[in-house]
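Have the sequence and the 3D view open while you read.

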Amino acid sequence: MNLKLENCNCVVLGGSRGIGRSIATGLAEEGANVAICARGEEALRETELELLKAEVKTYAATCDIADSEALASFLQATKEAFGSIDVLVHNASALALGPNLEDWNASLNVDLMAAVNACNQVIPWMTEQGGGSIILVSSISGLECDPAPDYGYTAAKAALIAYAKKLGVMHAKQGIRANAIAPGSIEFPGGVWANTKESQPELYESVKAGIPAGRLGTPEEVADVAVFVASPRAQWITGECISVDGSQHRGMR
């Protein structure tokens, strides 16, 4: 299937590793131009090299998206480099999984408010050009609570799902679609679950046993869904939350 993404201009916030990297490379493989940002320089440049192999326009810059001015500068620079922004993917997370106020602030600033700030900047551009697609990477933690003290993380991920629905309703007439993706437990080198496998093997095995397929997911499996939903082939999908978790969560949604 041709996803009709060739020459589309895409931004992936938090695009240097894991799910974000797979979404960025997936978009590039479809012929889309891709801009990425992340805080870490080394992983960012490694991913930039992967994108360049697809022979598409690429822009990469370090950016702490919790800093609203830095985020605005990155998005403006992307628009100037590409001419427009057709797809915005907010994937970055503080991964602040504790109960403290610092964890709440980190989750709200990175996971939620960075998405709000990015959308507020990009939506007028999309409106002017006649449409666009927004993907907010949430989590099944925003759909179903588990007995862990990640209060701020869970609240922020649930808010992203509600925010995607609101954007989808409010901006449909402008040709702008907005959807949330809710990954389950995803394993990749250096990621949370790879580290958990080493440091807390009993917890890792318990989580794995709770997934019907008997394994954790991969970033590529999430990216395949995100790239399709971002594409014009998904033009009648908006305001939705799509779980990509191998039936890990038990809710009806």
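This is a predicted model: local features need pLDDT of at least 70, side-chain atom pairs count only at pLDDT 80 or more; totals for chains, interfaces and linings use all residues.

Residues are numbered from 1 along each chain as its sequence is written, and side-chain values use heavy atoms, with hydrogens and water left out.

Back to Cys-37, which sits in strand β2 (residues 33-38). Helices (H or I, at least four residues) and strands (E, at least two) are DSSP runs, numbered from the N terminus. What does Cys-37 touch, apart from its neighbours within four places in sequence? Its partners are Val-12, Leu-13, Gly-14, Gly-15, Leu-44, Ala-61, Cys-63, Ile-65 and Phe-74, where a contact means heavy atoms within 4.5 Å. Val-110 is 73 residues away from Cys-37 along the chain, and their C-alpha atoms are 13 Å apart.

Another buried residue is Leu-3, with a relative accessible area of 10%. You'll find Leu-3 in the segment before β1 (9-13). Neighbours within four places in sequence aside, Leu-3 is in contact with Glu-30, Val-227, Phe-228, Ser-231, Pro-232 and Arg-233.

Next, have a look at helix α4, which spans residues 101-129. Glu-102 is in this helix, and with a relative accessible area of 59% Glu-102 is exposed. Asn-117 is in helix α4 too, but at 29% relative accessibility Asn-117 counts as partly exposed. Leaving out neighbours within four places in sequence, Asn-117 has contacts with Ser-68 and Leu-71.

| Pair | Apart in sequence | C-alpha separation |
|---|---|---|
| Glu-102 and Ile-85 | 17 residues | 33 Å |
| Asn-117 and Gly-131 | 14 residues | 18 Å |
| Leu-3 and Pro-219 | 216 residues | 19 Å |

Now for some backbone angles. Leu-95 belongs to the loop between β4 (87-90) and α4 (101-129), and its 43% relative accessibility makes Leu-95 partly exposed. Ser-247, not a glycine either, has a positive phi of about 65°. Look for Ser-247 in the segment after β7 (241-244); at 48% relative accessibility, Ser-247 is partly exposed.

Two helices are worth a look as a pair. Helix α6 (residues 192-199) and helix α7 (residues 201-209) pack at about 125°, and their axes are 5 Å apart. The axes are lines fitted to C-alpha atoms, for helices over the stretch in contact, and the angles run from 0 to 180 degrees between N-to-C directions. So α6 and α7 are oblique to each other. Angles under 35 degrees count as roughly parallel, over 145 as roughly antiparallel, 65 to 115 as roughly perpendicular, and the rest as oblique. On the α6 side the contact is made by Trp-193, Thr-196, Lys-197, Glu-198 and Ser-199, and on the α7 side by Pro-201, Leu-203, Tyr-204 and Val-207. These contact residues divide into five nonpolar, two polar and two charged. Nonpolar covers Ala, Val, Leu, Ile, Met, Phe, Trp, Tyr, Cys and Pro, charged covers Asp, Glu, Lys and Arg, and the others, Gly among them, are polar.

Finally, zoom out. How many helices and strands are there in the chain? The chain has eight helices and seven strands. Its C-alpha atoms fill a box of roughly 50 × 40 × 35 Å along the principal axes. A compact globule of 253 residues would have a radius of gyration near 18 Å, and the chain agrees with that at 17 Å. This radius is taken over C-alpha atoms, and the globule rule is 2.2 Å times the number of residues to the power 0.38.

Of the 253 residues, 51% are buried. Among contacts between residues at least 6 apart in sequence, 70% join residues at least 24 apart. The chain exposes about 11900 Å², with carbon and sulfur atoms supplying 52% of it; accessible areas come from the Shrake-Rupley method with a 1.4 Å probe, and for residues only the protein chains shown count as cover.

How values were computed
Buried means under 20% relative accessible area, exposed over 50%, partly exposed in between (1.4 Å probe, protein chains only).
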